[in-house]
Amino acid sequence: METIIIILFVAGYLAITLEHNLKIDKLIPALAMMALLWAVIALAHMPVFEVNAELRELEASHIDEILLHHLGKTAEILVFLLGAMTIVEIIDYFDGFATIKGFIKTKSKRKLLWLFAILAFILSAIIDNLTATIVLITILQKVIKDRETRLWFAGMIIIAANAGGAWSPIGDVTTTMLWIANKVSAAQLIEHVLVPSIICMVVPTFIASRYKAFSGNIESDLDESEPTKTKYGATMLYLGLGSIIFVPFFKTITHLPPYVGMMLSLALVATFAEIYSSAKFSISNIDGESEAESHHSPVHKSLSKIELPSILFFLGILMAVAALESLGMLFHFAGTLDEVMPMLGTESGGELVSDLVVLFLGVGSAVIDNVPLVAASIGMFSVGMDDPVWHFIAYSAGTGGSMLIIGSAAGVVAMGMEKIDFFWYLKKIAWLAFLGFAAGAIGFILIRNLVLNA
């Protein structure tokens with residue numbers, strides 16, 4: 001029966017990876033794979049186990065108990081993401097992100113490159129790399145008229161956004177997964193991964209700034225003013241970003257799961273949103289909505305714009321990986337690796353091999369979605385919280401996807417917004433992303449061995 005389980009998982013995984021070729025949304029195979037895996041386990045009465053990370057052993061369990069256990073862990077991530085997505089949509093409802101355009105005061109392409117890269121790096125650490133990419137490319141389309149120039153900027157935004165998301169517990173789904181699973185703490189993650197992530201962003205940006213594509217000035221009127229939907233845009237932007245940043249501090253103080261703090265932040269932002277929405281709009285609604293529509297609850301409207309397909313995809317893939325973990329497959333696979341070659345951690349002296357495995361995971365995340373890769377690593381490896389391995393996994397999985405346009409959520413959304421060709425990105429941007437990834441990885445290893453372990 002284990003063979004059937006593996007075949008189902010591989011088939012589902014391939015369907016997810018070939019989403020664009022099959023023209024089938026990846027949430028469909030993810031949900032089908034999850035349901036079929038657990039159905040086979042139930043019908044075949046296969047024994048299920050819970051991994052005891054402290055004792056590094058499997059403990060027998062019942063399918064109802066283990067399902068509830070994994071659903072609870074998955075729900076923590078999904079509820080957290082729902083809260084964060086809603087806050088971002090509320091900010092957008094008040095046109096808060098238009099405030100960022102006010103930071104753009106130059107027409108120099110080289111200066112704009114650094115400005116967009118830094119904004120992407122910072123924003124992605126707060127509102128996640130996917131949302132940061134959407135926001136900045138939307139601004140990019142208003143600032144730069146020439147499409148070829150925009151493609152170059154969009155490619156560099158992808159690299160910077162993925163680098164920025166890697167060092168923050170709320171910057172990428174994978175780092176959020178590691179944080180919620182108590183594999184990393186916010187402070188240690190930032191301490192270990194911030195500098196490598198900066199290197200990952202700076203190296204390709206510096207090289208690209210020497211390109212002809214970023215010489216000269218842009219053809220755009222940055223001074224032309226655009227009407228905003230409401231005078232509360234800037235207030236909601238800073239309130240929303242501040243409330244998201246507050247979540248890690250709330251977890252540190254209360255030791256409660258992160259989704260609790262996110263719900264508190266959402267409640268705060270939603271309260272001000274309701275208060276402000278009842279006030280008269282400073283400018284008549286530019287979208288041509290009726291008076292009743294313009295005063296519709298911003299919370300309800302924001303919730304209606306949440307990307308539920310992404311939430312369902314995460315549910316499917318995380319519960320599918322949980323099925324393999326419950327059967328002990330991931331645990332035994334990690335044990336096999338440990339016997340074949342020194343694996344993970346200073347106890348076995350296998351740091352070099354560990355680094356190679358994690359780097360392979362990073363390169364693999366450019367081809368295969370990094371969410372299941374990280375989910376599998378959580379189930380496989382039993383090293384303790386804040387072990388450098390987890391920090392390196394966060395870096396590699398977060399930044400490795402930049403090497404292909406389809407390798408990250410930021411890349412996929414940029415591909416859709418600007419119609420970026422896969423092979424154009426592969427030829428023009430991929431090698432820059434690889435250099436940044438490699439430079440940051442070297443920086444991580446050097447800092448870990450020479451500074452943090454000194």
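**Charged side chains and their surroundings**

With a relative accessibility of 33%, Glu59 counts as partly exposed, a class that sits between buried (under 20% relative accessible area) and exposed (over 50%), using a 1.4 Å probe and protein chains only. The model is a predicted one, in which local features need pLDDT of at least 70, side-chain atom pairs count only at pLDDT 80 or more, and totals for chains, interfaces and linings use all residues. Residues are numbered from 1 along each chain as its sequence is written, and side-chain values use heavy atoms, with hydrogens and water left out.

Glu59 belongs to strand S2 (residues 57–61); helices (H or I, at least four residues) and strands (E, at least two) are DSSP runs, numbered from the N terminus. On the surface, Glu59 gathers with Glu50, Asp64 and Glu65 in a patch of negative charge. Such patches are made of residues with over 30% relative accessible area and no salt bridge, where like charges are joined within 9 Å and nonpolar side chains (Val, Leu, Ile, Met, Phe, Trp, Tyr) within 5 Å. Asp and Glu count as negative and Lys and Arg as positive, while His and the chain ends are not counted. Each charge is placed at NZ of Lys, CZ of Arg, CG of Asp or CD of Glu, and the areas come from the Shrake-Rupley method with a 1.4 Å probe, with only the protein chains shown as cover for residues.

Three salt bridges turn up in the structure, each taken as a side-chain nitrogen of Lys or Arg within 4 Å of a carboxyl oxygen of Asp or Glu. One of them pairs Glu89 with Lys305, whose closest N and O atoms are 3.7 Å apart. This pair ties together distant parts of the chain, 216 residues apart: Glu89 is in helix H4 (residues 63–93), and Lys305 is in the loop between helix H14 (298–304) and helix H15 (308–326). Glu89 counts as buried because its relative accessibility is 19%, whereas Lys305, at 44%, counts as partly exposed.

Lys305 also meets Asp92 in a salt bridge, at 3.5 Å from N to O. Here too distant parts of the chain are linked, with Asp92 in helix H4 and Lys305 in the H14–H15 loop, 213 residues apart. Asp92 is partly exposed, at a relative accessible area of 30%.

Then there is Arg150, which forms a salt bridge with Glu418, the closest N and O atoms being 2.8 Å apart. Arg150 in helix H8 (residues 147–166) and Glu418 in helix H20 (residues 409–418) are 268 residues apart, so this pair again links distant parts of the chain. Both ends are buried: Arg150 at 12% relative accessibility and Glu418 at 3%.

Beyond neighbours within four places in sequence, Glu307 is in contact (heavy atoms within 4.5 Å) with Met85 and Leu130. Between Glu307 and Thr86 the C-alpha to C-alpha distance is 9.8 Å, with 221 residues separating them in sequence.

Finally, His391 sits in helix H19 (residues 388–400) and is buried, with a relative accessible area of 0%. Not counting residues up to four places away in sequence, His391 touches Val184, Gln188, Leu189, His192, Val193, Asp386 and Phe444.
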